[in-house]
Amino acid sequence: MTNTTLDTIVSLAKRRGFIFPGSEIYGGLANSWDYGPLGVELKNNIKKLWWQTFVRERMDMVGLDAAILMNPRVWEASGHVGSFTDPLVDCKECKQRFRGDKLLEEKLFVEEVAGIKLEDVSPRLMSESVPCPACGKVNWTEAKRFNLMFKTKQGVIDGEGADIYLRPETAQGIFVNFKNVSQTQRLKLPFGIAQIGKAFRNEITPGNFTFRTREFEQMEIEYFFDPENTDWKVVYENWKNDTWQFLTKTLGIREENLRFRDHDPDELSHYSKGTVDVEYKFPWGWGELCAAAAYRTDFDLKQHMEFSGEDLRYTDPQDPQRKFIPHVMEPSFGCDRVALAVLLDSYQEEAAQDEDGEVRVMLGLAKRVAPYQIAVLPLSKKDELSGVSREIVQTLAKQFAVTYDETQSIGKRYRRQDEIGTPFCVTIDFDTLNDNAVTVRERDSMKQERIAIAELVSYLQKQIV
């Protein structure tokens, strides 16, 4: 398999319409990215598969879509106003600012830096001779705390109004709606609430393409259970397994590029008894892909109950006199990171050359993840072939994601579809006018098979599962 560099994927992403630099015609905006026609299809497919796997196929899950803007008291209760910070350091030579812990991670890896104290960041940078990424000098200021939340004003007059925040995570929208959801849906523990949505963090040193951005999309679950009747370790292991299966079996990420990493005691929040991440082997090293399970105990609901004055206790249906605050297990996926890992993991360059002597570039995407599942390719632009081809497109598009391409040689069009990960190409040729059949080419094996048009839909249904 190819050892894919980040530059290779960045180039392909722009060239083929997966991801563009944000506001590019105005010189861009640091680390903002726009998902192009193929990128939005890829990302939407990941979200659909996540929702199908963790919400629709489970009887103990429901969904939610909470507002991005929330009462600022929410973030006081959650602790974000007081403690959602990163260690900021300045280079004394060029005056550039960076996250000190991330600079250390890039040299020493996550495990060596986990739980480092603020006062130890700058001395460690100096003792390890970590250079400034901008100027290469080793001359750092003492680390300072930097709050990551974006602040804005709620009001119609410029400069006036109450301070509110763009949410730094989607989880709190679930917690503040716990009572609404549990009562209206008549849910019995254990149950989970899932949400997909945008979050915003004023990161000091965003970078590595879409791995770390200020605006990103989360796919999160808060799974509530009765700690007296359910062992948290069982819930923990179940979510570890479910997360691993989704990444490897559903999305097709290779297992050798994934690993679990348990948080050290110094990393854990004061209320947590255990957190385990799934890390992916990115070109720059192992990096967090998602939190497979984070045991938050009853901290969040207890905090919101105290700050809001609302009774968020759950009434035991077997014993109405027993009221308690449920405990929570949180699996949390970064959609942008998952999409990046899928692109990196699927990129292949084959030594075998095509008829034009070019190396074959392919995205070996899982069939349900690929932006387009089928490409319809008439061998000629002549009306008799175009007419049949467009009829086939209309039929297939009712069930599949389909693209249509009639320019350049058939070999170049095959290569173009390989490079964007399209699993099947359907070629309409002049024989089609006589035998009412088409040639179906499979991406991975390049095997070609003649299929009757009347049987095409059922054939592809069996292939794309």
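What follows is a short tour of one protein model, from its overall layout down to a few single residues. The model is predicted, so to speak of local features a pLDDT of at least 70 is needed, side-chain atom pairs count only at pLDDT 80 or more, and totals for chains, interfaces and linings use all residues. Residues are numbered from 1 along each chain as its sequence is written, and side-chain values use heavy atoms, with hydrogens and water left out.

The protein has 16 helices and 23 strands, where helices (H or I, at least four residues) and strands (E, at least two) are DSSP runs numbered from the N terminus. Its C-alpha atoms fill a box of roughly 75 × 65 × 50 Å along the principal axes. Of the 465 residues, 52% count as buried; buried here means under 20% relative accessible area, exposed means over 50%, and partly exposed is in between (1.4 Å probe, protein chains only). Contacts (heavy atoms within 4.5 Å) were also sorted by sequence separation: among those between residues at least 6 apart, 64% join residues at least 24 apart.

Helix 10 makes a handy length check. The expected span of a helix is 1.5 Å times one less than its number of residues, so the 19 residues of helix 10 (residues 232-250) should span 27 Å, and the 26 Å between its end C-alpha atoms agrees with that. At the start of helix 10, a side-chain oxygen of D231 comes to within 3.0 Å of the backbone nitrogen of K233. Just after the helix, G252 takes a positive phi of about 80°. The buried residues of helix 10 include W232, W239, W244 and F246. Among the elements covering the buried residues of helix 10 are helix 2 (37-56), strand 10 (215-225) and strand 13 (285-297).

With a relative accessible area of 6%, D345 is buried. Setting aside residues up to four places away in sequence, D345 touches G252, I253, R254, N257 and Y280. A polar atom of the D345 side chain lies 2.9 Å from the backbone nitrogen of R254.

Next comes a helix pair. Helix 5 (residues 100-108) and helix 7 (residues 118-127) pack at an angle of about 40°, with their axes 9 Å apart. Axes are lines fitted to C-alpha atoms, for helices over the stretch in contact, and angles run from 0 to 180 degrees between N-to-C directions. Helix 5 and helix 7 are therefore oblique to each other, given that angles under 35 degrees count as roughly parallel, over 145 as roughly antiparallel, 65 to 115 as roughly perpendicular and the rest as oblique. On the helix 5 side, G100, D101, L103, L104 and L108 meet V121, R124 and L125 of helix 7.

E310 sits in the loop between helix 11 (299-308) and strand 14 (314-315) and is partly exposed, with a relative accessible area of 42%. The E310 side chain makes a polar contact with the side chain of K179 (3.2 Å); such a contact is a pair of N or O atoms within 3.5 Å, and within protein one must be able to donate a hydrogen and the other to accept it, with residues adjacent in sequence counting only if both atoms are side-chain atoms. R416, in helix 14 (residues 410-420), is buried at a relative accessible area of 17%. Leaving aside neighbours within four places in sequence, R416 is in contact with R16, D405, T407 and Q408.
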